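Please examine the sequence and the model shown below. The paragraphs that follow lead from ring pairs to the core and then to the packing of helices.

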Amino acid sequence: MDIDIQNSLDRHEVLRKLPEINEIENKNIRENVIDAFINLCPDYFWSVPASSSGNYHPKDHRDSRGLWLHTKRAFTEYQRLAPSFYHQKRIDKNELDYGRAAILLHDIFKYGWPKQNHTTKKPH
């Protein structure tokens, strides 16, 4: 897939589309996730299917906006399961938040890094 897109969302719009970010209790982690969606996440994240092959995802994840929907549903599932690990003392509060951040960010480059004419810098 040839991608030549940059993200154009501001903080308000990112939080409107992913209010789940507000579930991250650690302010630094939360702000880093918001920053990643503003400065790194390509526009395609919000409008492409979750499945690049047409397989392995529910039908509604294979439609437009499927990747965004997949991320929201994966977050919901994480929120359902993670407290059990916390109560078993397998993870601490910060690790709960790292997991929240990871699940939100896990597919932002599913279809690759946009071409170099975007405004964000590619990590070294």
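A search of the whole structure finds six aromatic pairs. Rings of Phe, Tyr and Trp (its six-membered ring) pair if their centres lie within 6.5 Å; planes under 30 degrees apart count as stacked, over 60 as edge-to-face and the rest as tilted. The model is a predicted one, in which local features need pLDDT of at least 70 and side-chain atom pairs count only at pLDDT 80 or more, while totals for chains, interfaces and linings use all residues. Residues are numbered from 1 along each chain as its sequence is written, and side-chain values use heavy atoms, with hydrogens and water left out.

One of the aromatic pairs is formed by Phe 37 and Trp 46; it is tilted, with 5.8 Å centre to centre and 45 degrees between the planes. Phe 37 is buried, at a relative accessible area of 0%, and Trp 46 is buried as well, at 6%. Here, buried means under 20% relative accessible area, exposed means over 50%, and partly exposed lies in between (1.4 Å probe, protein chains only). Ring pairs also link Phe 37, Phe 45, Trp 46 and Trp 68 into a cluster.

How are the rings of Tyr 44 and Tyr 111 arranged? Their planes stand at 80 degrees and their centres are 5.8 Å apart, so the pair is edge-to-face. This pair links distant parts of the chain, since Tyr 44 is in the loop between helix 2 and helix 3, whereas Tyr 111 is in the segment after helix 4, 67 residues apart. Tyr 44 counts as buried at 2% relative accessibility, and Tyr 111 counts as buried at 13%.

The chain as a whole has four helices and zero strands. Helices (H or I, at least four residues) and strands (E, at least two) are DSSP runs, numbered from the N terminus. Of the 124 residues in the chain, 37% are buried.

The largest nonpolar core has 23 residues, and those that touch the most other members are Leu 18, Ile 21, Val 33, Phe 37, Phe 45, Trp 46 and Leu 104. Such a core is a set of buried Ala, Val, Leu, Ile, Met, Phe, Trp, Tyr and Cys residues joined through side-chain atoms within 4.5 Å. Helix 1 (11-17), helix 2, helix 3 (66-87) and helix 4 each supply at least two residues of this core. Helix 2 gives the largest share, four residues. Leu 104 touches residues including Leu 18, Ile 21, Val 33, Phe 37 and Phe 75, not counting residues up to four places away in sequence. Contact means heavy atoms within 4.5 Å.

Helix 2 (residues 27-39) and helix 4 (residues 93-105) pack at an angle of about 10 degrees, with their axes 10 Å apart. That makes helix 2 roughly parallel to helix 4. Axes are lines fitted to C-alpha atoms, for helices over the stretch in contact, and angles run from 0 to 180 degrees between N-to-C directions; those under 35 degrees count as roughly parallel, over 145 as roughly antiparallel, 65 to 115 as roughly perpendicular and the rest as oblique. Helix 2 contributes Ile 29, Val 33, Ala 36 and Phe 37 to the contact, and helix 4 contributes Asn 94, Asp 97, Tyr 98, Ala 101, Leu 104 and Leu 105.
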